[in-house]
Each structure stands twice: as C-alpha cells, then as structure tokens.
Amino acid sequence: MLPFAYDALAERFATIRPWAKNAIGDATNRCAICMGYTMRITPSGDDATIETIMTTELGTSFQGAPSLAGGPRPGVVPGSGQPLRGLSQLLFIRASELLPRIQRAYGPADIAGVCKDVTPKVLGRKGVLYLENCYQTTGDKKHSFLFFQWTSGDHWDLFDGSNIVAQEQKLAGNRHSGQLYFWQAR
C-alpha cells in the first residue's frame, strides 16, 4: 500500500497534468512525467528524461512553461554523481523506466497480472495503475494487420475505483492481454 492518501495523489496529479500539457504539448506522451511527479520520484542518471528527447520546438514550449509548484528541486540524483541542470532532468519521459523506480520506492504492486484477469480485483479500490502493452503506438500501427494488432504502448494513471482518471475511461470490461500493476492508496 502506498504511503499517500488518494486525495493527496489526486491533488498532485491535477497540478502536473495541465503543467505537462503546457510544457510539452499533446504530441508527446505525458503519463510518466505526471506519475513521476505525483509519486515524488525523479529519474536516475541513466533514465530518459525530457532533456533526452529535447528538440528546438519542445525546448521552446518547455522553457516557456510556468514554474512547477511543489516540483522536484534541482540537486544531485542519488548514485549518479552528477549535478542536475534543471527541471528537464527531473521528470521521466518513458513509462517503462518509471516502473522499476516505483517498485524500489514503494514495493511490489498490491495487485499485478494480466489485465483481463486481475481487473476485477482492482475495481472499487483507489490508487495508481500501470498498464503495459495496452495501446497501439504509431510504430505498432505500421506493423499490424487487420486481425492482428500489436500493442506496445504503456500507460500510468490514477484510478478512482472505476475510472482511469486521465483517460476518462472505465477499467471494467478492459480485455487487453498486457500486464496491469496496481498500488493502492491509503
């Protein structure tokens, strides 16, 4: 179980989501940025960050974003031996890299398994969801066939007991065969 109350998670999530949209726009997946901030976790030295994917266009929008209230403070990432150069190094960009960091910080998921099998155990509980291989990426669409569709996109989100919050979708009836990880909030 997470050391956070669901309402505290929801408040941090509501703070970061509009900030992230303003900072990097709609073209880049923001779920790892949002959940890393919500769970108070910053990347290690070898994790991909916004800085890793920075382009001129993204740099302009990111630099123009307002300060992030209660955001991570610049310093040294434990174990990296390197000073951080700014907020862009303090926010995750890849959902899959956030998983081991969450597991190290907060332990194994309270519920984990194939999504279609464990969804009933998650319903009615509030907390944090990580869904692996749950949606098609642009690359998946290029390699899929009419009856066989690749799904390699991963997603982090809050779960309010019935809805995947940012996606505004119900979890019930989700039949994908990727993995679901769930950490319950207090």
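Biologist: In which strand is Q179 found?
Modeller: This is a predicted model, and its protein chain comes to 7 helices and 6 strands. From the N terminus on, the elements run α-α-α-α-α-β-α-β-α-β-β-β-β. Within that order, the element covering residues 179–184, where Q179 is found, is strand 6.

Biologist: Is Q179 buried, exposed or partly exposed?
Modeller: Buried would require a relative accessible area under 20%, and exposed one over 50%. The relative accessible area of Q179 is 26%, so this residue counts as partly exposed.

Biologist: What separation do the C-alpha atoms of Q179 and E132 have?
Modeller: Leaving out residues up to four places away in sequence, Q179 touches G113, V114, C115, Y130, L131 and E132. Of these, E132 lies 47 residues from Q179 along the chain, yet the separation of their C-alpha atoms is 5.1 Å.

Biologist: What share of the contacts in the protein chain between residues at least 6 apart in sequence join residues at least 24 apart?
Modeller: The chain has 186 residues, of which 46% count as buried. Among its contacts between residues at least 6 apart in sequence, the share that joins residues at least 24 apart is 74%.

Biologist: Which residues is T119 in contact with, leaving aside its neighbours within four places in sequence?
Modeller: The place of T119 is in helix 6, which spans residues 115–122. With a relative accessible area of 4%, T119 falls under the 20% limit and is therefore buried. Beyond its sequence neighbours, its contacts are L171, A172, N174 and L180.

Biologist: How many nonpolar, polar and charged residues does the contact of helix 1 with helix 2 have?
Modeller: On the side of helix 1 the contact is made by L9, R12, F13, T15, I16, R17, A20 and I24, and on the side of helix 2 by I33, C34, M35, Y37 and T38. By class, the contact has 9 nonpolar, 2 polar and 2 charged residues.

Biologist: How many residues of helix 2 are buried?
Modeller: The buried residues of helix 2 are C31, A32, I33, C34, M35, G36, Y37 and T38. The helix is followed by R40, whose phi is positive, near 60°. Helix 2 is thus mostly covered, the buried count being 8 of its 8 residues.

Biologist: Why does the aromatic pair of F4 and Y106 tie together parts that are apart in sequence, and by how many residues?
Modeller: F4 and Y106 form an edge-to-face pair, with 5.6 Å centre to centre and 65° between the planes. F4 is buried, and so is Y106. Because F4 lies in the segment before helix 1 and Y106 in helix 5 (residues 95–106), the pair ties together parts whose distance in sequence is 102 residues.

Biologist: Which residues form one aromatic cluster?
Modeller: The count of aromatic pairs comes to 6. One of them joins Y181 and W183, which are stacked at 6.3 Å centre to centre with 20° between the planes, and both of these residues are buried. The cluster is formed by Y130, W156, Y181 and W183.

Technical notes
Residues are numbered from 1 along each chain as its sequence is written. This is a predicted model: local features need pLDDT of at least 70, side-chain atom pairs count only at pLDDT 80 or more; totals for chains, interfaces and linings use all residues. Side-chain values use heavy atoms; hydrogens and water are left out. Helices (H or I, at least four residues) and strands (E, at least two) are DSSP runs, numbered from the N terminus. Buried means under 20% relative accessible area, exposed over 50%, partly exposed in between (1.4 Å probe, protein chains only). Contact means heavy atoms within 4.5 Å. Ala, Val, Leu, Ile, Met, Phe, Trp, Tyr, Cys and Pro count as nonpolar, Asp, Glu, Lys and Arg as charged, and the others, Gly among them, as polar. Rings of Phe, Tyr and Trp (its six-membered ring) pair if their centres lie within 6.5 Å; planes under 30 degrees apart count as stacked, over 60 as edge-to-face and the rest as tilted.
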